[in-house]
Amino acid sequence: MEVYKTLAEIPQDELFTGGHGGCRGCGAALAVRQAMKALGPRTIINIPASCMATIGGSGLTTAWMVPFYHSLFECAPAVASGIRAALDIQGIKDVNVVSWAGDAGTADIGFQALTGAAERQENIIHVCYDNETYMNTGGQAGSVTPYQAVTPDTPTGKPTPRKDMLAIMAAHRPAYLATASVAYPLDLIQKFQKAKAIQGFRYIHILAPCFRGWGIREDQTVQLARMAVECGLWQLYEEVDGRRRVTVIPERRIPVREYLKLQGRFKNIDEATVAALQAEADRRFREVQS
Amino acid sequence: MAAKELPVVPSARPGTMAAADMSRLREQRPVIDMGKCNLCRECLLYCPDAALREDKNEIKVYLQFCKGCGICALECPTQAITMVGEYAGNRGFIDK
């Protein structure tokens, strides 16, 4: 399996062009741009309701250079399964079918279609670009919003912890499962290249910060995505046949507090929570070293 | 067109949004000092708007796409990119 080893090898062709409708410093558009470098032109993208469905255009103009289908919120993986079945009947083999959903289209509203497609071992790639809130409708809290994050409908901080979506998806025993971050583009692109070469159900979860939802400056999108990895709250790994391999061990480590204090949404976080998150990050780093 | 040539969005030709001009959204623009640039190409992949391209060992800014977020300037490992304000004089007036 050949993967790109350096940034210089990555093609400059854009399959998701500039001029799209994303905000300044949009993490979601950045994730798509990076992923399309690996997926290539023989790809069908299927997106449920999310920011990404509107960023790429609708109606008379589009930023996509590949077929793009906007499905309903609940059913992106089910529609992707259908697209794959239609291609199979026509004997078309060399096309990647991707359902690209936000965290709501993956973990909450789209979950029943996702778990169904994973259980049937559909030959599709499901991508979750995770900005940890419902940004398309104004930033409401969802099940993967972190504990004590301030959102419009949890003004004093979310009262419950984040759902561990990766553990849930790992329990489906997918052919390939990976986490990625927009701050590590080479790692992200390599993971898409590996996923593309594997048959069966593949799941990739990308941390793609949203400056509005996180209460950061618009130029800090990539910085925060990197700090999440450096502090240990977001680990970059891949799982093939249930065996986990950590792909990026950050060059420097930072305390969890440094990552949290830059974000306006954690203004109410208490010391006990910071200490608990730090303990969890330390445990993950110890596991990697052992 | 054969069925194997995949159709794109039925109502829109591929990449039609690339004709849009994002200059109206921009408050600042990146200026690259090629003397400091070491061509690591990180900025090319950190730009959400595909506004930076490498051409003959030089990084070029496509201002038509640039929204002026400043990610490239913040992430550049050699600090070769600076953001320069689009406004001159009274705030709200574009000097063109």
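Which residues lie nearest the centre of the second largest pocket? I opened my notebook with that one, keeping in mind that this is a predicted model.

**Entry 1: the second largest pocket**

I found that 19 residues line the second largest pocket. Nearest its centre lie A:Ala183, A:Tyr184, A:Val248, A:Glu251 and B:Glu42. I then looked up which elements give two or more residues to this lining, and they are α7 (185-197) and α9 (221-231) of chain A together with α1 (42-46) of chain B. The largest share comes from α7(A), with five residues. I noted a volume of about 460 Å³ for the second largest pocket. Sorting its lining by class gave me nine nonpolar, two polar and eight charged residues.

**Entry 2: the largest pocket**

Next I turned to the largest pocket, which holds about 750 Å³ of space. Its lining is made of 29 residues, and the closest to the centre are A:Arg162, A:Asp164, A:Leu233, A:Glu280 and A:Arg284. Three helices of chain A give two or more residues each to this lining: α6 (165-170), α10 (256-261) and α11 (271-289). Which element gives the most to the lining of the largest pocket? I checked, and α11(A) does, with seven residues. By class, I wrote down 16 nonpolar, three polar and 10 charged residues for the lining of the largest pocket.

**Entry 3: the cavities**

How many cavities of 30 Å³ or more are there? My count came to five. I listed 15 residues in its lining, and the closest to its centre are B:Cys37, B:Cys40, B:Cys43, B:Cys76 and B:Ile81. The lining of the largest cavity divides into 10 nonpolar, two polar and three charged residues.

**Entry 4: two packed helices**

My last stop was a pair of helices. I reminded myself that two packed helices are described by the angle between their axes and the distance between the axes. In chain A, helix α3 (residues 76-90) packs with helix α5 (residues 111-119) at an angle of about 40 degrees, and their axes are 6 Å apart. Because of that angle, α3(A) counts as oblique to α5(A). On the α3(A) side I saw A:Pro77, A:Ala78 and A:Ser81 making the contact, and on the α5(A) side A:Ala113, A:Leu114 and A:Ala117. I sorted these contact residues too, and got five nonpolar, one polar and no charged.

How values were computed: Residues are numbered from 1 along each chain as its sequence is written. Chains are lettered from A and ligands numbered from 1 in the order in which they are written. This is a predicted model: local features need pLDDT of at least 70, side-chain atom pairs count only at pLDDT 80 or more; totals for chains, interfaces and linings use all residues. Side-chain values use heavy atoms; hydrogens and water are left out. On a 1 Å grid over the protein atoms alone, a cavity is a set of points where a 1.4 Å probe fits but cannot get out, and a pocket is an open set with protein on both sides within 12 Å along at least five of seven lines; lining residues have an atom within 4 Å of a point. Grid points are joined across faces, edges and corners, and a volume is the space filled by probe spheres set on the points. Ala, Val, Leu, Ile, Met, Phe, Trp, Tyr, Cys and Pro count as nonpolar, Asp, Glu, Lys and Arg as charged, and the others, Gly among them, as polar. Axes are lines fitted to C-alpha atoms, for helices over the stretch in contact, and angles run from 0 to 180 degrees between N-to-C directions. Helices (H or I, at least four residues) and strands (E, at least two) are DSSP runs, numbered from the N terminus. Angles under 35 degrees count as roughly parallel, over 145 as roughly antiparallel, 65 to 115 as roughly perpendicular and the rest as oblique. Contact means heavy atoms within 4.5 Å.
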